[in-house]
Each structure stands twice: as C-alpha cells, then as structure tokens.
Amino acid sequence: MAIKITVNGQTHSLDIEPDTPLLWTIRETLGLTGTKFGCGISACGACTVNLNGRAVRSCQLPVSAAEGGEVTTIEGLAREGALHPVQQAWITHQVPQCGYCQSGMIMAVAAFLEQHPQPSDEDIDASITNICRCGTFARVRRAIHAITQR
Amino acid sequence: MRKWTRRAFIGAGSLVGGGFVLGAGELLFAPSRQSVVSADAAEKGQLTTWITVTPDDLVTVLVPHCEMGQGTHTALAMMAAEEMDADWNLVRVREAPALDAYANAYMLRAFAGNIPAPLVRGVDWGAYRLARWFGTQATGGSSSVRGTGQYGMTVAGAAARDMLLAAAAARFGVRMSECKAIRSRIVHEQSGKSASFGELATAAAAIPVPSSPALKRPDSYTIRRTARPRLDIPSKVDGSAIYGIDFKLPGMLHAAIEIAPVYGGKLTSVDTTPAETMPGVKRVVRLDEAVAVVADTYWHARRALAALKPAFDDAGHGNVSSASIFAAFDKSLGAPPTMPKNAAKTVAADYRVPFLAHATMEPMVCTARVDKDRAEVWAGVQDPLNARSAAASALKLNVEQVHLTNLLLGGGFGRRLPFTYDYIDMGVRIAKAMSPVPVKLIWSRENDIQHDYYRPAGMARFAGALDAGGAPLAVRSSYAGGGDGESTFMPYAIPDKHAAARDAAHPVRTGAWRSVLNSQHGFFKESFIDEMAHAAGKDPYRFRLDLLNHAPLFRDVLERVAALSGWGSPLPEGEGRGIAITQCFGSIVAEVAHIAVTPEGKLRVLDVFAVVDCGDVVNTDSAAAQAEGGIIFGLSAALVGEITIAEGRVVQRNFQDHLMIHLADAPRITVEFIKTYRRPGGLGEPCVPPIAAAVANAVFAATGIRVRDLPIKNTPLSRQTKTSA
C-alpha cells in the first residue's frame, strides 16, 4: 500500500511499511541525510523536522502519521536560495561546533519562533529541549534573541 | 583535483595544469632542516603540512587533523595564511588523506614543550618514530594548534611566501627584499609592478625551498588574533555536511548489532530464524562478541534485530558492580596519609567520581566494502591511520590493502581516538561476511552508551595540614583509577606535596574522555584546597592567591577571574560562588561558578566566568566557543553524568537514564583570554577540569554542604541554606 507524503514541497508516493519511522523514510527512502539519528527514543531532538508547521521528532513517528501532510526538513528550510533567518543567525553567531545536532536544533527553533515571535528566556527554556554535546546552548539562546530583536 | 598519492607527496613541486604545492618532501630535503623550524627544534619528521597555490589564486591548506567542531581546520589555515600574507577570502582547507606520509610527529611534539632544550632533539626524533610506528594521525590532546600549527603551518606558510617573493623578484627584475606580500599579491612598490599568487605559483614551484624562512612578528598579524567565521559552518546549517552516518554507496546494505552486554563476553547462542523471515533481511551475521542483522535498510535491520534473543556469557565478570569497584578503590587507598607532627590543624577527605560515557551525538558508524584482498572503509574518526590499521588487523590484511576515507565527526571528545575502533573492527568483519557488497553498520544509542571506552572512575584520599597561622604545611593524597604528574599537579607553594598512585584493577573498559585524567583530578585537588581554605578560616580565592607568589601566570589568571566574576561582592541567601584553577595541555584556566540552591535543594548554575591563558589565541571566536563547550561538557558531568555498573554491565541505556544538561540548565558563560605572545597552548580540553570543583565549592559556600562524590545530583542539598562567605 503506497503512502503519500509531501517533503519540502515535493509529493512522493512511497511503497513502504506504514510503521516505518518518518526519520528513516526521510534518510533512507528519500535520501535526505540532513536530518539526523541521535537516540531513537525522541529524547535528543536530532531528528526534528517540521510536520504541518509543527516541530516533531521523527525517529518514533510512523510515516503513516505524516500521510497527506507537509514535511519540511533542514534541506527545505531555505526559500528561493535565501537562507531561513534561523540558518543565517546560526552562521552570524557561529553556533554549530560538530554540527550533528544542529539540523534538529534549527528546525526546532524555526517552528518555535512561528509560535513565539517574541520569546522570553523562560519560553526558550521550556521549548528548546534538544541535546547538544558540544555545548552550544549559550550561542543558541543568543542567536534566538538576535533574530527576534531585529 | 587529482588523487593524492604518496609519490606525489614526496616529489611534487608543480601541479598538473599549473600552480605549486609545498609539501613535506621538499622541506625534508632542505639543506638545513633544523633552521626551517627553529634553532632548537631538530625534528627529523616530515612537515605534515601542505600548501597548494593554483592559477585561480586559491590557496588550499591540507590539514592532517579531523574537524569535529573544534575549529582546527580554520585555525590551522589561518596560521598558514597569516605567514603567507594571503587574502583570507581566497583560502580553502581540506583534510589530509589517511596515508603514512601524514603521520603526525607534531602532535607528539606538542607534549614535549617542557623538556629542557638539550633533550628536545632526542624527544623529537623519538616522538616522530613513535608516531610512524603506531600510525598516528590523531586529533587529540588539544594538540593541533600548539603542535601542527605552531611547528608546521607557520613555517610552511613562511616558506611558501618566500618562494613567491623570489619568483616575483625574478619576474620583475628587482631584489627580493624590495618586494612585499600583500593579500595574495606580491607587490614591488617602487616600480608599481605586482602579480598575484596564482600568476606566480608555477614559477615559485621551481624555487628552492628556503631553509630558514623568517616568521612574522605577532604584533603584525592581520589574520591570527581575529574572529574568522569557521569554514565548516555553512554546510552545518543547511544539511549538506556529510558525516560518517550520511555516507552512501550504490547497493549498500545496512547493519544493526547487539553486543555482549558484559565487556569481554561472547555470543553463546542465537536462534536466527525470527529475523531471517522479516522484510528486507539479507543475513544474520554471528561475530564472536555480537550478532548483527544485515538488511536493505537500517530500519529493517534494527527491527529484525529486536526480534532476536541472543545469549551471551559474562566473561566471568557477572559479580562486578560500581560498589565492588569503589570498595576495591577504597581498600587500595589504605590509611589516610600521615601528617606532620607540628600541624596545628589537619583536614581529611575522600572524593569519588564515576565512569562517564562520551555520548557523541552521532553514534558510532562504519561503512566498509571488502573484496578479496582489498578493503575500503568510510568513517568519521580522530585518527584515520590507526582506524585503517584496526580495519586491516580485523581483516588480516596489510594496511596498504585498506583505504580509509575520513568523514566529518558528529562529536569526538576522545571516543574516536586511536585504539577505540571496536565499531570499525565489527563493521569490517560484517562487510567481509557480505563481501563484496558494501555494508554500513550503525550503532544504536544503546550500543553507544553500553559499549564505550569510559572516562575512568576514580577515588582519592587526601590529608592536609595547617600551621597555627592557617598556612598549609602539607597536602598528601593517594588515588585509584588513574592519574599522572600533570593531572595531580598543584601549583601552590606548599612545602610538602605528594600524590601516590594506587592500583585497583577492574574489567570496565576505559579510555580518554575530554581532558583525559584532568577532569577527575581537577575535582579532587581543587575541592581539597578549598576545604583547606575553609579550615584555615580564609577566603578560598585569597588562600589560593597567597600560595601563588612564585607562579605569576597562575596568579594572573586567578586575579582576573576574581575581578571578572565580582568575587567577594554580597550575594542573596542561598547563592554562592566557587573558584577553581587547573593547568593541562599547555594552558591555565580558572573558573568561578555562581550558583543558587533553593531551600528544597534544587541547584541552578547561574553564571560561569572563565579566564584562559592558552598562549597566543589564533581564532578568537572559535576559541571562546571551545571554552563555552568545555564548560558545558564538564558541567553535564559535574551535575548529572554517571555510568554505573551492575552484574558486570552498564546500567544506563539511552538518553532517558544517561543524563546531560539541556539549554534550560545552561548558565551564562563569560570568557576572557589572557593576551600574550606565549606560544599557543591547547584549548579543546583545558576548560573542562575546573568546572566540577568550582560548582561544588560554590555549593559549599551557599549551603555548607560539601559535595565529595560526583555527580552532584546524588548529594541531597535540601536543608536550610546559609549566607555565603
């Protein structure tokens, strides 16, 4: 049974088991490797993508839950060649170190700012729960505030 | 770009299609090899540094170190470009391939900095031989800038500049001394003539390599000592960066693995049929110590692996637990160290730190293709040469029969260093079973947490003595779990200082974890000196400072962190400050933690102030990032991180029980670097060791509760708080 999902504006009809996690559908079936595998239990957020404008952790979300939905991955965040403001801020503030968690971090922040255009530190603390082992948290916070203060 | 080969390495002077390359071979055969580096540095090692200039004016720097977010690629390129007076916008960087020629003597040399000059020659030669012998092309020991950069990149850059100057002088018909390099052009001001690096590159390739190029004076730097955006960052914000886990080959299969839960255990039995009938499964592969499922996708492999119920033996370690290990430590430490008879007051304390996992965000991954007597491996590792050798040994091939391509690392922290390549060993054996089809082995997070080379657990037993005036007479300790002269070193002027190693072996596999032995001993020694200060009735900062009159570098760092943090200014009830200072990998770091503890015992680290003397800073912004990162890494360990052992195996499984701090827990961090011309020290690790003691000392200041066992979460802090000192 084919499953229809739209990823970065492109609709795919995939012959795939419906319980396949969205993460592995994106990485293996569609070949978009910007979205990362970190823990497999929705704890770290490295696999975060946007589904219908909401940040979701894709490692435990079955692809069937995204059927008919609009998925955006890190590869689809830039529009018409222009980086998304979060991506731009990540360069300006030199946020990534190893960078492995940052696709998920950027997707989480992009969705968060849609809901919280002027977030307080408490809002950021409550919503941005992705794990980063390199310790980029201070720069993540700085970059978020810089985006919203423009 | 043509393929780099060993032949090209040794012989290259000019490039096919024009341009020039400055390589190790050229410098190795220069008439006065010693003076190429410095008067007192007599390496016999090749320069593991290459600079290429092509007709399109691009300067490409080939770096023999991996990039794992520490900014090494950019910093080393800055060091070369500075000496060349290159236009930074025209500089590119690539990682050197895993070939013997890049064996990195410079890294080992970075550790020889404190050796008296007459011995340096022997050490260098020995270190170089050692590097070649072990096949080291490692990135570790906070060594890239202070070793490869200082002894390789700057000299190669200066030599390249002189060759371009000589080529320009010949072309213009003027004296070389009248020419200047300015932003990737050689200019002769009197005649107004000028030519770009690219235009001169081919002619420069024919110029003999200068034997003693002059290095720039640090006060004339225009690229170093500035904040340059890291060259690797753009690819890390749009998903285009390719890490080990992202690598793909046509027809590649995927493997998931379950490993004997007790280190050293063997697979005793497994019924493979439940997996073999599942979708996409190609084969179940039995290894001595593991069982792997190979399938068309990783998800299929992972799901089928979960259907298996393999049985493993426990290698005879089924009785080992954290409690049994610490009991053995305790026994090995024996009676508390004896104190001088004239002591007016004595202090005694035991400290304990647990095993820790590296938990890099990218789990361990190895892609391999094995075809008869040849193998290809793709992975992200801190030492491609040693990883290649691990693959060769697993396949019983010679290293020349194995080709390894290094990819970006999703974190290292020591987990991907030499002699920790179990995942490569397993990956190539699985690929051999599927030969010639390529296989990518991805470890689950559970594999990663339960099969690490852990930061060694440790315990220390301290005793100290004070005279009637509160001045320290002695600090003596014994420790178990590992240590060395650097990690146990206390800079303080105390007449009787002694640290004795004890041995208490256990079967838990250990390795280097960001700052190696310094995270444990930084906590031990800087907690104890704080206890001494309080016993003497003195301010912990003043107490330390009074013992550092003989050590101006330490004193300067400590004074500045006190000023930066507002040390001594009043704090509200329940808040406190703690201070700690350590030295490792050629750098001195002092940190002050400002914390708050609620009456219910909830601890929050509000601010961390750090002052760093890592010598001459190359890239100021990525240096600050390394300090911030080191503090957060150390803070996770101090507050919540631990690996515990029960029935011989690791208890923790994934991020739900192997804890680390999140953004909400992260303090504000303020970092200041000492401005100095002192040659660069390391920076990837030195900011980790002080933080645990700084926080524990702050907890004492705020609550009167002395935390002697990490992580701090295991010590209840729920009591009436008192006003801090």
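A: **Starting from one helix**

In chain B, 7 of the 9 residues of helix α8 (residues 197–205) are buried, so the rest of the structure largely encloses it. Buried here takes 20 or more other C-beta atoms within 10 Å of a residue's own, with 12 or fewer meaning exposed, partly exposed in between, and C-beta placed from the backbone. Helices (H or I, at least four residues) and strands (E, at least two) are DSSP runs numbered from the N terminus. The model is predicted, so keep in mind that local features need pLDDT of at least 70 and side-chain atom pairs pLDDT 80 or more, while totals for chains, interfaces and linings use all residues. Residues count from 1 along each chain as its sequence is written, and chains are lettered from A, ligands numbered from 1, in the order in which they are written.

The buried set in α8(B) is F197(B), G198(B), E199(B), L200(B), A201(B), A204(B) and A205(B). Zooming out, chain B has 725 residues, 59% of them buried, and holds 20 helices and 26 strands. Take its contacts between residues at least 6 apart in sequence, and 76% of them join residues at least 24 apart; a contact is a pair of C-beta atoms, placed from the backbone, within 7 Å.

Of its 263 residues, V293(B), A391(B), A610(B) and V695(B) touch the most other members. Helix α7 (residues 144–172) of chain B brings the largest share, 13 residues. Beyond four places in sequence, A610(B) is in contact with V561(B), V589(B), E591(B), A627(B), I631(B), I669(B), V671(B) and C687(B).

A391(B) also turns up in a helix pair: A387(B), A390(B), A391(B), A394(B) and L395(B) in α12(B) meet I424(B), D425(B), V428(B), R429(B) and K432(B) in α13(B). By class, that contact has 7 nonpolar, no polar and 3 charged residues. Ala, Val, Leu, Ile, Met, Phe, Trp, Tyr, Cys and Pro are nonpolar, Asp, Glu, Lys and Arg charged, the others, Gly among them, polar. Helix α12 (residues 384–395) and helix α13 (residues 422–433) of chain B pack at about 45°, axes 9 Å apart, and the crossing is right-handed.

Another pair in chain B is helix α16 (residues 518–535) with helix α20 (residues 690–703), packed at about 30° with axes 7 Å apart. Their crossing is right-handed as well. On the α16(B) side you'll find G522(B), F523(B), E526(B), S527(B) and D530(B), meeting P690(B), A692(B), A693(B), A696(B), N697(B) and F700(B) of α20(B). That contact splits into 6 nonpolar, 3 polar and 2 charged residues.

(Axes are lines fitted to C-alpha atoms, for helices over the stretch in contact, with angles of 0 to 180 degrees between N-to-C directions; right-handed means the near helix is turned clockwise from the far one by less than a right angle, left-handed anticlockwise.)

Finally, the partner chain: 45 residues of chain A are in contact with 45 of chain B. α5(A) gives the most to chain A's side, 4 residues, and that side has 24 nonpolar, 15 polar and 6 charged residues. Elsewhere in chain A, C132(A) sits in the loop between α4 (121–127) and α5 (137–148). C132(A) counts as buried because it has 31 C-beta neighbours inside 10 Å. Leaving out residues up to four places away in sequence, C132(A) touches C101(A), M105(A) and F137(A).

Note on methods: Two residues are in contact if their C-beta atoms, placed from the backbone, lie within 7 Å. A nonpolar core is a set of buried Ala, Val, Leu, Ile, Met, Phe, Trp, Tyr and Cys residues joined through C-beta atoms within 7 Å.
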